[in-house]
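Open the model in your viewer and keep the selection tool at hand.

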Amino acid sequence: MLAINWTSLHPFTFIMLGIPGLEAAHIWISIPFSLVYLMALLGNCIFLCLIRTDPKLHQPMYLFLSMLSAVDLMLSTSALPKLLSLFWFNDREISFEACLTQMFFIHSLSIMESGFFLAMAFDRYVAICHPLRHSAILTHSVVRGLGLAVAFRGVLLLSPYPFLLRWLPYCRTNVIAHTYCEFMVIVKLACAETRGIRAYGLMVAFFTGGLDFLLIVCSYVLILRAVFRLPSKGARLKTLGTCSSHICVVLLFYFPCFFSFLTHRFGHQIPHHIHVFVANIYLLVPAMMNPIIYGARTKCIRERVIKVLIQ
């Protein structure tokens, strides 16, 4: 009887369904997912090696980019191995503790990624609006401190999540209609009052991703105002070109992120398999595209890659 009560409060395992309604296509869906994951691993590892070995790339923008690449590697690796095990081997079970651990890493790393996008926007703002003071403001110690602050914020704000979820009773079901453990997915399985936990989740989302996005928009408003004051059209285009890569990766990250966040709470009419699919795109595609976009749009990195390939 004690074992039954304990199981009803805290299930030993959760059962993942994958993408509901598309179970028969899991093998086929795994092919593009695995290719995207391999490209993300390859691209981000190349970036980290290039930035580490080339002293010319030890500038604030590239240092923030290396931090972003490290987070992308960890974020995609937090979800993909289990997802591929589910798709290839029908391995649906995940222990309660492992589920909470995966949830913590996915959400905390997502917050870190958002923080690094804000740090890169600040770097672009200083470089364009205060070019003569750029090297004095963004020293290596300041860049290191910003990186540590972003990482600490992600860990600090997400640390309560596993403890809050562990205290909830789960007497409805232990089936997760998803490919990985997500905060709101687990909360919806609880058979207790969760308004306080949901409110905390909303607060964390607003003061991290939401506030970061607003500050990024504000920084680019100031950047655009400074750019259009430049005397020549060529100078304006060249300056905007230095920001284009960052704008692309920011939009690629935040649009699926906001879609996933809003549909969990308000998008009840959206088919569940679309929500799950977008949630996976939000983890995988930015990790793959960030090195490609920066490699194609940043001259210094592009030339370094070409030089390595020729050698």
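Select F117, F213, F253, Y254, F258 and Y282: together they make up one aromatic cluster. Rings of Phe, Tyr and Trp (its six-membered ring) pair if their centres lie within 6.5 Å; planes under 30 degrees apart are stacked, over 60 edge-to-face, the rest tilted. This is a predicted model, where local features need pLDDT of at least 70, side-chain atom pairs count only at pLDDT 80 or more, and totals for chains, interfaces and linings use all residues. Residues are numbered from 1 along each chain as its sequence is written, and side-chain values use heavy atoms, with hydrogens and water left out.

How many aromatic pairs does the whole structure hold? A search finds 17.

Zoom in on F117 and F253. Their ring centres are 5.3 Å apart and the planes meet at 50 degrees, so this pair is tilted. F117 sits in helix α4 and F253 in helix α10 (residues 233–265), so the pair ties together parts 136 residues apart in sequence. Helices here are DSSP runs (H or I, at least four residues), numbered from the N terminus. Both F117 and F253 are buried, meaning under 20% relative accessible area with a 1.4 Å probe, protein chains only.

Next, pick F213 and Y254. This aromatic pair is tilted too, at 5.1 Å centre to centre and 55 degrees between the planes. F213 lies in helix α9 (residues 195–227) and Y254 in helix α10, 41 residues apart. Y254 is buried, at 0% relative accessible area.

Finally, select α4, residues 96–129. Its 34 residues reach 50 Å from first C-alpha to last, close to the 50 Å expected. That expected span is 1.5 Å times one less than the number of residues. Of those 34 residues, 25 are buried.

Conventions: Helices (H or I, at least four residues) and strands (E, at least two) are DSSP runs, numbered from the N terminus. Buried means under 20% relative accessible area, exposed over 50%, partly exposed in between (1.4 Å probe, protein chains only).
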